[in-house]
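Take a look at it first, then read on.

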Amino acid sequence: PRRTPYVGPVDGPVPASDTPPAPRTAARHTARYLGDLLLHPAALAALVVLVFNDQMAKGRWPSEVTGKASDLAGLVFFPLLLVAMAESVRWLFDRDGWPLDRRALLVAVIATGVGFASIKLWGPAGDAYRIANGLARWPLDAVPSLARGDGLPPVGMVKLTEDRTDLIALVALVCAWWSGCRVLDRRVAQA
């Protein structure tokens with residue numbers, strides 16, 4: 001068989017093709033999807049820092065750094081979680097009207113900041129936090145206890161260091177606002 005010789009690039013305009021262009025590989029990043037607030041790199045990084053810090057670092061290397069790192073990560077992640085949860089509930093009842101806007105994010109950021117400040121500054125809010133987190137943690141403590149045959153453990157209160165210097169971590173809410181706006185400003189993907 002005869003081979004066709006190599007032909008280099010042609011000078012001048014390239015003729016238009018009737019075939020549509022290939023779809024963009026970054027199409028996922030240009031549209032909104034349910035739960036995508038929690039998939040933003042800032043949210044994922046905050047979650048990794050929060051889990052690593054609270055499950056390993058605080059126990060092995062307790063210091064002001066590990067405490068502040070958890071505060072910063074929590075303040076980035078929690079407002080995004082609140083908006084994502086609200087969108088999920090809305091999706092259950094109105095599949096087309098689930099997306100929220102910047103106002104919802106603003107409410108979540110303010111609520112997180114006020115809640116964090118009150119936990120750090122006001123004793124009753126700190127006690128409510130300890131009890132609520134103890135109740136939320138109890139199933140996680142009960143499963144391994146039952147698996148070991150130890151029975152159900154008592155509901156415990158989580159540790160909380162009331163330190164006014166932790167309020168410096170409130171600057172992390174700027175990151176939550178910025179990353180949330182980046183996601184919320186995308187158009188909603190059509191099914």
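## A pair along one helix

Lys58 and Asp54 sit four residues apart in helix H1, so about one helical turn separates them. (Helices are DSSP runs of H or I with at least four residues, strands are E runs of at least two, and both are numbered from the N terminus.) The two form a salt bridge, with their closest N and O atoms 3.2 Å apart. That term means a side-chain nitrogen of Lys or Arg within 4 Å of a carboxyl oxygen of Asp or Glu.

Lys58 is partly exposed at 34% relative accessibility, and Asp54 is partly exposed at 35%. Here, buried means under 20% relative accessible area, exposed means over 50%, and partly exposed is in between (1.4 Å probe, protein chains only).

## About the model

This is a predicted model, where local features need pLDDT of at least 70 and side-chain atom pairs count only at pLDDT 80 or more, while totals for chains, interfaces and linings use all residues. Residues are numbered from 1 along each chain as its sequence is written, and side-chain values use heavy atoms, leaving out hydrogens and water.

## Links across the sequence

The structure holds 13 salt bridges. One of them joins Arg186 and Asp36, with the closest N and O atoms 3.8 Å apart. Arg186 lies in the loop between helix H5 and strand E2, and Asp36 in the loop between strand E1 and helix H1, so the pair ties together parts 150 residues apart in sequence. Asp36 is buried at 3% relative accessibility, while Arg186 is partly exposed at 22%.
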